[in-house]
Amino acid sequence: MNMVAFHQNSTDFILLGLITHPTFPGPIFAVVFSIFLVAVTANVVMILLIHTDSRLHTPMYFLLSQLSIMDTVYICITVPKMLQDLFSKEKTISFLGCAVQIFLYLTLIGGEFFLLGLMAYDRYVAVCNPLRYPLLMNHRICLLMVVGSWIGGSLDGFMLTPFTMSFPYCGSRKINHFFCEIPAVLKLSCVDTSLYETLMYACCVLMLLIPISVISVSYTRILLTVHQMNSAEGRRKAFATCSSHVMVVIIFYGAAFYTNVLPHSYHTPEKDKIVSAFYHPHTNAQPTHLQLEK
């Protein structure tokens, strides 16, 4: 990048927020802050409960605690800034701050993609191979799953963040979003980014295919096993074990499919902002999972 482009990119961006120029920012702040507080509290309580209760020291809950950690960090890098901007006249975010936000959300979203896929494998082993569960899901394998999820997510961040921030942004600095999401940032570039966007979407689709394949195979095997069960109680327990995870997967991957797969003609700034909010609603679905299994 030449010095002119660097100088252009070194200035602040302006985040227009979830709702541009809200008439009543107070009630919006109260609602968003309440949801934020409930989500963070639910995750923190769950992490502490899993850590302190020896009955929950199992692979499933270990993976669930890691998912809660990822979710909490993701919420904390997007929502507080959005709340601050509701009452701020400037609504600015620095070039470096925007780059850090992009890297972190890519890492966390990518990590959750992989972790949700591996959690489906955990459910497959629990339902289809219960006698081999302690061997196939031992502590070492669980650690490898978690480390692999974090590394897989960070690779996405390391690849896409430098390229995104290297484009010259010499026009409007107003990002029509509540955080620095790549498609919203690229709209401000004064050069053609269509080739990069195509390659980026292809990368994201390939990244989605890996966990989706694991989830599809795992739940196909689970359904076949459940279908062969003679006990109605066994079927009920199997569905209870998997229902919460399936609900989270549908919401999370549905939002990801909209963002990364659907053509640009289906996108509008308003839809993109609403769908982005669905990357972390699964927080409140997870306690159901915990209650069902206890």
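# Reading a helical chain, one feature at a time

Modeller: Let's start at one spot: once neighbours within four places in sequence are set aside, Thr-193 touches Phe-167 and Leu-186. Contact here means heavy atoms within 4.5 Å. Before we go on, this is a predicted model, where local features need pLDDT of at least 70 and side-chain atom pairs count only at pLDDT 80 or more, while totals for chains, interfaces and linings use all residues. Residues are numbered from 1 along each chain as its sequence is written, and side-chain values use heavy atoms, with hydrogens and water left out.

Biologist: Okay, where does Thr-193 sit, and is it buried or exposed?

Modeller: Buried means under 20% relative accessible area, exposed means over 50%, and partly exposed is in between (1.4 Å probe, protein chains only). Thr-193 has a relative accessible area of 6%, so it counts as buried. You'll find Thr-193 in the loop between α7 (182–186) and α8 (194–227).

Biologist: Which side chain does Thr-193 make a polar contact with?

Modeller: For a polar contact, look for a pair of N or O atoms within 3.5 Å; within protein, one must be able to donate a hydrogen and the other to accept it, and residues adjacent in sequence count only if both atoms are side-chain atoms. Here the side chains of Thr-193 and Glu-197 are joined by one of 2.7 Å.

Biologist: Leu-186 came up already. How far is Tyr-169 from Leu-186 in space?

Modeller: Their C-alpha atoms are 8.4 Å apart, though 17 residues separate them in sequence. Tyr-169 belongs to the loop between α6 and β3 (174–175), and its relative accessibility is 0%, so it counts as buried. A polar atom of the Tyr-169 side chain lies 2.6 Å from the backbone oxygen of Thr-164.

Biologist: Let me zoom out. How many helices and strands does the chain have?

Modeller: Helices (H or I, at least four residues) and strands (E, at least two) are DSSP runs, numbered from the N terminus. This chain comes to 11 helices and three strands, in the order α-β-α-α-β-α-α-α-β-α-α-α-α-α. Of its 294 residues, 47% are buried. Take the contacts between residues at least 6 apart in sequence: 79% of them join residues at least 24 apart.

Biologist: How do I check a helix by its length?

Modeller: The expected span is 1.5 Å times one less than the number of residues. Helix α4 (residues 95–128) has 34 residues, so it should span 50 Å, and its end C-alpha atoms are 50 Å apart, which agrees. As for cover, 26 of the 34 residues in α4 are buried.

Biologist: Which residue caps the N-terminal end of α6?

Modeller: That's Asn-138, with a side-chain oxygen 3.1 Å from the backbone nitrogen of Arg-140.

Biologist: And how do I read a surface patch?

Modeller: Patches are made of residues with over 30% relative accessible area and no salt bridge; like charges are joined within 9 Å, and nonpolar side chains (Val, Leu, Ile, Met, Phe, Trp, Tyr) within 5 Å. Areas come from the Shrake-Rupley method with a 1.4 Å probe, and for residues only the protein chains shown count as cover. Here Val-147, Ile-151, Leu-155 and Met-159 make a nonpolar patch with about 360 Å² of accessible area together. Ile-151 is in helix α6 and is partly exposed, at 46%.

Biologist: How many salt bridges are there?

Modeller: Side chains of opposite charge can pair when their charged atoms come close. The rule is a side-chain nitrogen of Lys or Arg within 4 Å of a carboxyl oxygen of Asp or Glu, and the count comes to three. In one, Arg-55 and Asp-53 have their closest N and O atoms 3.0 Å apart; Arg-55 is exposed at 61%, whereas Asp-53 is buried at 12%. Another pairs Lys-81 with Asp-85 at 3.2 Å, N to O, and both lie in helix α3 (residues 59–86), four residues apart, about one turn of the helix. Lys-81 is buried at 16%, and Asp-85 is buried at 4%. Asp-122 and Arg-123 also pair, at 2.7 Å, N to O, and both are buried.
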